[in-house]
Amino acid sequence: MEAAAATSSRWWQEVEELPCLTLEDLRRLCGAFADPQHRRAAVVRGILSSEWTGWMGRLCKLDPDGRRFSLYHAAHQWQNAFSRTVHTATHVRSGFNLWMTCKGIIDRGRSFQLRAYTDLAQQDLLELLGPELGEALREGTFALQSATIWSGSPASRTPLHKDHVPGLIFQAVGTKRFFLCSQAEIDEAVACGLLPEAVRDDGSTECFCVDGLLDSVYGIDAATPTRSHGTLAVLSAGDCLILPQGLYHDVECAIDGPALSLTLRFEL
């Protein structure tokens, strides 16, 4: 009874779950006819095989362009939110693979986020996308714009922002939580004075770059939202998130360990 009561009192929505990646679902969620004020994400569970996941999996062994990573270190003990326009990145080289780079940072006990562009071999890309999207790629109805590796220390966050290109986010290591807000939900929060106007008007990570866990920043465990209504999506290793353009998202690595994912930006 207590569990049922807790579930019914949740103010946030649970993300839609899909059985597989299809071109139809990408068009429904990210296409030209999707309502820009009320965009929603969806998750496909367990889409990656075990050989792609884990620190020694194939995704962690992808070579970044020029073998350089953009690394963001915490400026103080309590910092866990990182913005590219607020914080200065240093560039590090990987001597072995991404896991060894991350492990060296973790061993030094510093909070961080790490980002790198990578080039995917055609065979790897087709395997990640699956047969239907692979065929769409060959036919030109699905086009890859970029591939980016993201990693972060436990509890690190990329603050609330929106992207102008849709993405597929493949979780390879650890767990990430995504707090997702539509344009309509952001507009309402700004109108109520709960978020800065810059979040609505600009939508970049520096507009609401505040430290803290998602729970405290947005009141995930509270009876009512402290900032904005939205949807909560939890990605575990092997899962994929379909993230439409214009959908605001605040991303947090789980507190129990570092996480790593691959983002494929695409066009339809």
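Which residues does Leu264 touch, not counting residues up to four places away in sequence? They are Leu120, Leu125, Leu129, Leu144, Ser146, Ala147, Pro166, Gly167, Leu168 and Phe170. Touching here is contact, meaning heavy atoms within 4.5 Å.

Some ground rules. This is a predicted model: local features need pLDDT of at least 70, side-chain atom pairs count only at pLDDT 80 or more, and totals for chains, interfaces and linings use all residues. Residues are numbered from 1 along each chain as its sequence is written, and side-chain values use heavy atoms, with hydrogens and water left out.

Now the core. The largest nonpolar core has 34 residues. A nonpolar core is a set of buried Ala, Val, Leu, Ile, Met, Phe, Trp, Tyr and Cys residues joined through side-chain atoms within 4.5 Å. Buried means under 20% relative accessible area, with a 1.4 Å probe and protein chains only. Leu168 and Leu264 have the most contacts inside this core. Elements giving it two or more residues include helix H2 (23-30), helix H4 (122-139) and strand E14 (259-267). Helices (H or I, at least four residues) and strands (E, at least two) are DSSP runs, numbered from the N terminus. H4 gives the largest share, six residues.

So, H4 itself. A kink of about 125° lies at Gly130, shortly before Pro131. That bend is the angle between axes fitted to the seven residues ending there and the seven starting there. Among the buried residues of H4 are Leu125, Leu129 and Gly130. The buried residues of H4 pack against H2, E7, E9 and E14. Just after H4, Gly140 takes a positive phi of about 90°.

How values were computed
Buried < 20%, exposed > 50% of the residue type's maximum accessible area, 1.4 Å probe, protein only.
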